Every structure is written in structure tokens, then in C-alpha cells.
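Subject: Structure handover

Hi,

Here is the structure I promised to pass on. Please open it before you read my notes.

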Amino acid sequence: MSETFDVVVAGAGHNSLVTAAYLARAGLSCLVLEARQEIGGDTSSEELTLPGFLHDSCSTAHNLIQASPILRDDELGLTEHGLEYLHPDPVVHLPFGDGSSLTMWRDEERTCAEFAKFSVRDAEAYRRMMADYRRIAPDLGRARYTPLGFGETSGAALARQPDGARWRRRNAMSAWEVIAGEFTDPHTRAFMLWMSFMTMQPPERPGTGLLAYSLTYGRQQHSWTLPRGGSAALPRALASVITSHGGVIVTGARVSGLILEGGRCAGVETESGERYLAREAVLSTIHVKHLVEMAPAEAWGEDFIDGVATWQPGVSMFVSHYATTAAPEFPVDGGVGVIRSVASGTPQSADRMLRLATDFRAGRIATDDPVLLVLCPTVADPSRAPDGMHTLKVVGFQPYELPGGPERWDEEKAAVSAVNLAELRKYAPNLTDDVILASEVKSPLDLERMNEHNWHGSCHGGDAGPAQSGDLRPVPGWASHRMPVPGLYQTGATTHPGGSVSGAPGRNAATVILADLGRSMAQSATQG
Ligand SMILES: Cc1cc2nc3c(=O)[nH]c(=O)nc-3n(C[C@H](O)[C@H](O)[C@H](O)COP(=O)(O)OP(=O)(O)OC[C@H]3O[C@@H](n4cnc5c(N)ncnc54)[C@H](O)[C@@H]3O)c2cc1C
């Protein structure tokens with residue numbers, strides 16, 4: 001027996017849920033199949049340590065999605081379905097080894113004053129960069145939420161700016177070149193490099209220049225934005241939209257094969273032998289490395305198979321979760337006061353940041369002066385832990401591939417986690433042993449075990465260098481969500497415009513599918 005729907009969706013990360021929500025609102029019957037017991041993928045929140053402590057297993061910051069039509073125009077009615085965002089202040093606090101620190105506050109002038117502690121000239125550079133980017137941010141945002149082939153690309157948007165020549169140059173430069181050109185002080189340079197690295201793209205690589213602007217600007221605008229109740233509040237609200245429009249979501253259902261009929265993708269089958277048929281379309285957020293195994297080679301064509309074979313996972317993360325009785329407290333003003341911040345980190349120095357990618361490529365576990373991102377969401381959202389308690393996440397950046405194989409992580413991870421905690425304690429000495437109630441460590445290998453879409457530990461949909469960007473993402477020739485097998489569409493972080501919690505690949509896939517079915521996004525937005 002097979003069940004039939006208009007659209008069958010494989011995977012329930014936030015992107016495919018976004019697509020399904022638009023399609024369901026447009027009147028299509030949707031089935032979503034998720035391999036895990038929980039929906040959300042990298043936007044999951046789970047009791048990883050102790051009951052009552054809800055940890056964000058992967059993402060915490062939902063920044064890119066803030067300026068999207070999904071939230072800005074509330075196209076899916078997500079607020080009605082319980083989604084609420086918090087905008088913490090301070091935004092992020094970065095302490096340095098010499099006892100100084102730089103804090104980003106929601107008030108841009110207050111952030112500039114922090115830069116001015118180190119250099120008045122650098123404070124002026126920060127103010128100028130934010131003002132410059134503010135002028136182009138709406139155009140770049142529009143391009144991001146436009147599928148390729150459906151409107152202006154970001155490259156074209158940059159080129160038509162009054163100062164388009166400058167922006168094209170900045171775009172082609174590396175983040176480090178932009179930062180070294182604008183800032184003089186070692187602390188402000190390290191701060192800006194750390195910010196520009198937040199989507200894991202090596203900051204010395206040509207083509208990362210705009211990240212020196214965009215990541216800092218996004219956080220200065222929206223803060224280290226987090227959903228009340230945990231990262232999973234987003235997939236939960238999306239699921240509520242889907243089911244309230246007649247959609248069905250099944251968890252614990254791993255898709256293992258595509259059903260092809262007459263050369264068309266007519267549905268999927270699951271590991272447990274269920275078959276689900278799709279009248280109109282199958283949408284996948286299965287990793288492309290796995291997807292190509294789910295149909296015969298001739299269905300894909302040699303170029304597509306080559307494009308998947310050469311796909312690179314990029315920099316991976318190493319995550320330690322803690323249940324604690326206190327948030328990190330960073331002494332400031334010579335020890336007179338402390339700062340408690342949802343987001344903090346240790347950039348160490350520009351040199352250390354620039355070495356990250358070299359260590360990574362060499363498969364080296366680098367534990368000297370660890371560069372860290374530290375998140376304590378309970379500082380702004382106490383609902384995630386029992387009264388007065390906290391969830392703490394300490395993120396480092398380590399390779400998936402190790403000499404001897406990625407399985408070596410199972411032996412190495414406790415030691416690496418201990419080094420990261422020791423480093424954090426240098427800056428937040430209140431995090432003593434008695435403050436930590438329990439912990440759980442996720443190596444790059446564990447992140448893949450948790451979510452198979454994190455192929456080889458890839459965290460942001462894989463590398464976003466020139467070979468895997470724009471019309472080359474995920475595979476040259478197949479960047480508009482349509483796959484070589486007719487009737488099959490692909491979304492998720494491996495597709496244009498890429499990773500992070502943006503909903504952009506999901507909304508763009510909906511635009512393409514609805515257009516192919518002779519419908520429009522406007523229909524979807526008005527049938528709520
Ligand atoms: C540790 C970590 C921290 C991060 N932090 C941030 C952050 O703070 N801010 C930010 O913006 N981004 C962050 N990211 C990146 C961001 O979370 C991801 O890029 C994004 O959530 C990916 O969403 P997605 O919808 O494309 O896919 P995913 O969230 O990867 O979802 C894919 C889903 O498909 C399911 N699936 C896969 N194969 C099958 C199959 N065969 N059958 C059925 N189901 C299947 C998976 O189980 C999963 O649920 C982080 C990522 C990681 C790993």
C-alpha cells in the first residue's frame with residue numbers, strides 16, 4: 001500500500017519545513033518524512049545533559065532570517081504559531097589575553113565607544129563600515145531570497161550600486177584584507193576577524209570580503225537573536241503552520257530510496273519499507289552525497305555526479321554542552337564589574353585566527369590558544385533551564401578528518417573539550433567545577449552522527465568558497481533547486497544561497513516549485 005500526497009518532503013530541517021509551509025498554505029497536501037525522532041535538524045533543542053536543561057544541539061543565533069520576508073513580513077504567520085525572538089544586550093563580549101575586552105552593544109555608538117578604547121580611528125572605521133553596508137543590505141537581502149534565474153543576483157545588485165566598483169572589489173577581497181585595510185589596532189582587528197568567521201569561511205580566502213561587513217552588521221542590527229524556548233521554537237512553529245493546513249509530519253522515517261516512474265521522481269521509500277507517492281513533486285534535504293546513491297547513475301548524468309563527488313564539507317565545529325548553576329561572568333573595569341552575555345568568545349589574535357584554516361586543512365587538532373564561541377542563551381531566556389540554572393555551549397573549530405580516521409575523535413574529544421573549558425575559565429573564573437552539573441561533548445563526527453545532513457561534520461551546508469557559491473551551488477548547472485530527475489527538487493543549506501538559519505533555500509525552493517506548478521508565492525501568502 002502506498003499513500004499519495006501532492007508533495008513528499010524528505011527531511012525536516014528548518015529549510016524544508018519553510019518550503020512545506022509555503023506549499024501547504026498554497027493548498028498542496030504535504031507529507032514531511034524525518035529520519036530522526038525530532039524535527040528541526042540543526043535547529044533542534046534537546047535535553048542533552050539533564051532533565052529540564054534544553055540545549056540548542058547546533059544553532060543558537062537566528063540572525064539571517066530576521067531580515068527575511070518570512071519574518072519581516074510574517075508571510076507564514078509564524079508569530080501566531082508561537083514564534084518569538086529575543087534580542088539580547090550586550091550582543092557579544094570578547095575578552096583578550098592582556099585583560100582588555102571589546103563588547104558589542106545594541107546601541108551602535110556604545111559599540112563605537114568600545115572600539116575607541118583601542119583606537120579612535122578604528123571606531124570611525126567601524127561606524128563607516130556599518131553605514132556603508134546599511135545602504136546595500138536591502139538589495140543583497142532581496143537577492144538572497146530570490147532563486148537563481150528568478151531575478152537579480154547579489155553580484156548584479158552590487159554592480160549597480162553608485163559605488164559598485166568598490167563593492168565588487170571588496171566582495172572579491174578576503175575578509176582579512178578588508179579588516180587589515182580598515183583597522184589598525186590588534187584587538188579591533190581580532191574582533192572583526194572573529195565576527196567575520198561566524199559562518200566558518202576562512203577569513204584569508206579571496207571572496208570573503210563582504211563577510212567582514214555583513215556578519216558584524218547583522219549582529220549590530222538584530223543582536224545575537226534567539227528564539228524564546230530554544231532553537232527548536234522555529235521548526236515547531238513551522239510544523240504548526242504545516243499541520244494546521246492539512247500537512248502530515250512523520251518522524252523516525254528515514255528515506256532510503258527514490259521511486260522513479262517513467263524517468264520521473266514519483267515518490268520515496270523509507271528504510272522500514274513504506275512507500276509514499278507524490279502527485280506533483282518530491283522535495284529533498286537529504287545531503288547530495290547521499291541523494292545520488294538513491295537512484296541509478298544514469299538518472300543523474302555524469303556532470304551532476306562529478307559535481308557531487310567534488311563537493312567539499314568546509315570547516316567543522318567541536319561543541320561542548322554544559323548544564324550549570326551560573327552563567328559565565330567576565331570581569332571588566334579592572335575587576336570592579338562583570339559582564340554576563342548570551343554570546344562571548346575568545347578570538348585570541350589575528351594571527352591565531354588566520355591559522356585556523358591551515359590547521360584545519362592539515363587535519364591537525366590545534367589546542368593552543370583555542371579560538372572559541374561561547375553561548376549561554378539562558379542569560380536572556382531563563383525558560384530553557386530550571387530556575388536560576390543555565391545552559392552553556394562552548395564551540396571550537398576542529399577538523400573532521402584526522403590522521404587515523406574520524407573515529408579517532410571518540411578517544412580525543414574529552415581532552416579537547418577540557419582544554420576549551422580551561423581556556424574559557426581564564427576569562428570567566430566563576431565557572432568552577434562545582435558550577436558545572438553535567439556535560440555532553442559533540443565532536444565533528446558526533447555532529448554527523450546526530451544529523452546525516454552534516455556530512456563529514458559540515459556545519460553551514462559545507463564550504464561556501466567560489467567553487468560552491470552562486471550558480472555552482474550545490475552542483476554547477478543545478479542551482480535552481482530543480483534536480484536532474486524531473487519532479488525532484490533539492491533545498492537546504494547545501495543549496496543557494498547556503499547555510500545558517502536563514503530559511504532562504506527553503507523559501508526559494510517554494511518559489512521554484514510553485515512556479516513550476518503554475519502557482520505563485522502570492523497565493524501562498526494570502527491563503528492563510
Ligand atoms: C554545531 C552547529 C552550530 C551552528 N550554529 C549556528 C548558529 O548559531 N546560527 C546559524 O545561523 N547557523 C548555525 N549553524 C548552521 C545552521 O544550523 C544550518 O546551516 C541550518 O540549520 C541547516 O538547516 P537545513 O534546513 O538546511 O538542514 P538541517 O537542519 O541539516 O536538516 C536536515 C534534516 O534532514 C534530515 N534528513 C537527512 N537525511 C534524511 C533522510 N535520508 N531521510 C529523512 N530525513 C533526513 C536530517 O535528520 C535533518 O533533520 C550551526 C550548525 C552546527 C552544526
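Below are my notes on the ligand site and on some backbone features.

Keep in mind that this is a predicted model.

Ligand site

Glu-34 places a polar side-chain atom 2.6 Å from a ligand oxygen. At Val-255 the backbone takes part: one of its polar atoms is 2.9 Å from a nitrogen atom of the ligand. His-460 has a polar side-chain atom 3.4 Å from a ligand nitrogen. On its own, the ligand has 1000 Å² of accessible area, and the protein covers 96% of that.

Backbone

Most peptide bonds are trans, and most residues other than glycine have a negative phi. Which peptide bond is cis, with omega near 5°? The one from Asp-89 to Pro-90. Pro-90 sits in the loop between strands E5 (85-86) and E6 (92-95). The bond from Arg-473 to Pro-474 is also cis, with omega near 0°.

Pro-474 belongs to the loop between helix H16 (444-450) and strand E20 (488-490). His-456 is in the loop between H16 and E20 as well. Its phi is positive, about 55°, although His-456 is not a glycine. Ser-500 has a positive phi too, near 85°. Look for Ser-500 in the loop between E20 and helix H17 (504-516).

Best wishes

Methods:
Residues numbered from 1 in each chain as written. Predicted model: local features only at pLDDT ≥ 70, side-chain atom pairs only at ≥ 80, totals over all residues. Heavy atoms only, no water. Polar contact = N/O pair within 3.5 Å; in protein donor to acceptor, adjacent residues only side chain to side chain. Areas by Shrake-Rupley, 256 points an atom, 1.4 Å probe, with all protein chains shown as cover. Helix = DSSP H or I, 4+ residues; strand = E, 2+ residues; numbered from the N terminus.
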